[in-house]
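Here is a quick walk through one protein model, from its ligand shell to its core and then out to some loops. Keep the structure open while you read.

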Amino acid sequence: MAPKNGFDKLASVYQALEYLTMAKDLEKSRFHYLDKAREAKRILILGEGDGRFLQRLLKVNSCATIDCVDASGGMLRQAQRRLLAENPKEKKRVRFHQAQAEQWSFLQKEYDLVVTLFFLDCFSGSNLEYVISQIHGSLKDKALWLWADFHIPPQGFWRWRAWLLVQTLYLIFSIFTGLKTQRLEDFPRYLETVGMKREEGISFQGGLLVSELWSWESKRET
Ligand SMILES: C[S@@+](CC[C@H](N)C(=O)[O-])C[C@H]1O[C@@H](n2cnc3c(N)ncnc32)[C@H](O)[C@@H]1O
């Protein structure tokens with residue numbers, strides 16, 4: 001039997017909690033670049049959560065096979081339930097994997113799209129570096145990476161508001177899920193380090209929520 005995970009406790013109330021704290025703005029950042037997934041054939045979603053992104057993805061993309069990795073069995077069950085309720089015909093296209101990303105055996109050069117939404121903020125330091133390098137190794141040439149996360153803007157009222165909210169969220173997650181990470185890293189810097197290129201980005205709530213599209217092209221490396 002798979003081990004219990006801290007996020008299991010939040011799985012059934014995750015959506016309600018999100019709407020309570022962020023209204024629909026988290027959804028706006030989650031789905032902003034969804035259309036870029038239309039043509040992808042192999043998709044990796046890390047830290048899918050309760051399946052809301054997967055549900056929408058299956059509606060815009062009719063051909064991809066999708067690997068969904070999440071450490072929480074509770075979150076994966078929510079995602080599976082949603083899939084069976086909303087897109088039952090598509091279930092053959094989706095494989096669910098309950099695993100810690102840092103221990104998962106990533107396929108090499110497999111995916112043309114990877115999705116990490118409010119997932120990288122669960123990592124810091126060498127763990128983050130390792131997970132990003134593993135994700136990067138799993139990308140095919142010209143792959144896209146949809147990334148969204150919290151962000152602290154550089155100055156002013158919005159900076160302090162974002163700082164307070166992010167600290168509060170980390171405190172809540174550390175109490176309810178046992179999450180050890182306590183700070184947001186400079187994620188773009190890590191993505192640039194492995195050779196990813198930022199294509200587009202948008203932010204919501206005065207810069208607190210960022211949603212970006214990154215790309216990978218092997219010949220840029222040389
Ligand atoms: C904050 S939630 C984000 C969920 C969803 N992607 C969203 O947009 O709201 C983080 C998700 O990542 C998963 N997760 C956290 N740490 C993980 C790890 N080390 N390996 C795999 N999944 C992890 C959690 O179980 C949870 O489903």
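A residue is taken as near a molecule when its C-beta atom, placed from the backbone, lies within 6 Å of that molecule. By that rule 17 residues sit around the ligand, and those that come nearest are Phe7, Gly47, Gly49, Ala71 and Ser72. The shell splits into 9 nonpolar, 4 polar and 4 charged residues. Here Ala, Val, Leu, Ile, Met, Phe, Trp, Tyr, Cys and Pro count as nonpolar, Asp, Glu, Lys and Arg as charged, and the others, Gly among them, as polar.

A word on where this comes from. The model is predicted, so to speak of local features takes a pLDDT of at least 70, side-chain atom pairs count only at pLDDT 80 or more, and totals for chains, interfaces and linings use all residues. Residue numbers start from 1 along each chain as its sequence is written.

**The overall build**

The protein has 8 helices and 7 strands; these are DSSP runs, numbered from the N terminus, with helices (H or I) of at least four residues and strands (E) of at least two. Its radius of gyration is 17 Å, close to the 17 Å that the globule rule gives for 222 residues, so the protein is as compact as a globular protein of that length. That radius is taken over C-alpha atoms, and the rule is 2.2 Å times the number of residues to the power 0.38. Along the principal axes, the C-alpha atoms fill a box of roughly 45 × 45 × 30 Å.

Two residues are in contact if their C-beta atoms, placed from the backbone, lie within 7 Å. Of the contacts with a separation of 6 or more, 74% join residues 24 or more positions apart.

**The core**

A residue is buried if 20 or more other C-beta atoms lie within 10 Å of its own, exposed if 12 or fewer, and partly exposed in between, again with C-beta atoms placed from the backbone. Buried residues make up 37% of the 222.

A nonpolar core is a set of buried Ala, Val, Leu, Ile, Met, Phe, Trp, Tyr and Cys residues joined through C-beta atoms within 7 Å. The largest such core has 57 residues, and the ones with the most contacts inside it are Ile43, Ile45, Leu54, Leu113, Val114 and Trp145. Strand β5 (residues 139-150) gives the most to this core, with 8 residues.

Take Ile45: leaving aside its neighbours within four places in sequence, Ile45 touches Phe53, Leu54, Ile66, Cys68 and Val115. Phe53 and Leu54 belong to helix α4 (residues 52-60), where Arg52, Phe53, Leu54, Leu57 and Leu58 are buried. What covers those buried α4 residues includes α3, β1 (42-46), β2 (65-70), α5 (73-86), β3 and β4.

Helix α7 (residues 156-177) has 22 residues and spans 31 Å from its first C-alpha to its last, close to the expected 32 Å. That expectation is 1.5 Å times one less than the number of residues.

Most residues other than glycine have a negative phi. What is the phi of Ala23? It is near 50 degrees, a positive value. Ala23 lies in the loop between α2 (14-22) and α3 (25-31), and is exposed, with 11 other C-beta atoms within 10 Å. Lys109 also has a positive phi, about 45 degrees, although it is not a glycine. Lys109 sits in the loop between β3 (94-98) and β4 (111-117) and is exposed, with 11 other C-beta atoms within 10 Å.

**Pairs brought together by the fold**

The table lists some C-alpha pairs.

| Pair | Apart along the chain | C-alpha separation |
|---|---|---|
| Ser12 and Gly74 | 62 residues | 7.8 Å |
| Trp104 and Asp70 | 34 residues | 9.9 Å |
| Gln134 and Ala101 | 33 residues | 8.9 Å |

Ser12 is in the loop between α1 (8-11) and α2 and is partly exposed, with 13 other C-beta atoms within 10 Å. Trp104 is in the loop between β3 and β4. Leaving aside its neighbours within four places in sequence, Trp104 is in contact with Val69, His97 and Ala99. Gln134 is in helix α6 (residues 125-137) and counts as partly exposed, with 18 C-beta neighbours inside 10 Å.
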